[in-house]
Amino acid sequence: MKNKNGFTLMELLGVIVILGLLVAISVPAVTKILNKNKINAIKIDENNLSDASQLLINDFCDNPISSKYKEYCKPDSTDTTTKNKSLVRKKDDFTYYICISDLKALNYYESDIKYGTTLCEGYVLFKNDDKKFRNGKTYVSCKDGSDYAYVTDETFKDSDSEYSKILDDCKTDTNNRGETAYNCVKNGACN
């Protein structure tokens, strides 16, 4: 009778093949779960940004603590200086928006919006004619180099789209609306 103290080559190969199959099946499933969690996290951020914009509108437009704050909520002003300070911006007669950068500058939204490790930008859009600025829809774009990791709306990818143009306006704000309003609120430096 032969004494068997180990595994045969065939037994070891069989175990390796089984482990390989398990890895091949589980890696895509785990990746799918992680991507779904990233999307869920950014959807929560989008809802929180919409809520933060409502708080900003309440504090600056609906029930301002100081009459000086009302200056930061005049998107329809014909005075260029006042219009350039407005946190609520006007695209056309029925489209208004608040940039995420302004919400962050005023500490209405403090955390970075990320899709995984990719930083995101965006705005909250209000399409209505009653100028009550309710039921804002958040649009977020997470661009990693030349590729989009996440977009709320696929039209973001078209640089000529309405959404991309508004995002470009938010990114190129030379008036520093959020910082100017923050200095007014925190330091009393209202101009």
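Is Cys73 buried or exposed? In this predicted model, Cys73 has a relative accessible area of 11%, below the 20% cut-off, so it counts as buried. Its partner is Cys61, and the two are joined by a disulfide with an S to S distance of 1.7 Å. Cys61 sits in helix 1 (residues 9-62) and Cys73 in the loop between helix 1 and helix 2 (80-85), so the bond ties together parts twelve residues apart in sequence. Cys61 is buried too, at 5%, and the link is right-handed, with 100° about the S-S bond.

Searching the whole structure turns up three disulfides. Another of them pairs Cys120 with Cys142, with 1.9 Å between the sulfur atoms. Here the torsion about the S-S bond is about 100°, so this disulfide is right-handed. Cys120 lies in the loop between strand 4 (118-119) and strand 5, while Cys142 belongs to strand 6, so parts 22 residues apart in sequence are tied together. Cys120 is buried at 10%, and Cys142 is buried at 0%.

Now turn to Cys99 and Cys170, joined with an S to S distance of 2.0 Å. This pair links distant parts of the chain, with Cys99 in strand 2 and Cys170 in helix 4, 71 residues apart. The S-S torsion is about -80°, so the bond is left-handed.

Cys170 leads us into helix 4 (residues 162-171), whose buried residues are Tyr163, Ser164, Ile166, Leu167 and Cys170.

Note on methods: Residues are numbered from 1 along each chain as its sequence is written. This is a predicted model: local features need pLDDT of at least 70, side-chain atom pairs count only at pLDDT 80 or more; totals for chains, interfaces and linings use all residues. Side-chain values use heavy atoms; hydrogens and water are left out. Buried means under 20% relative accessible area, exposed over 50%, partly exposed in between (1.4 Å probe, protein chains only). Helices (H or I, at least four residues) and strands (E, at least two) are DSSP runs, numbered from the N terminus. A disulfide is a pair of cysteine sulfur atoms within 2.5 Å.
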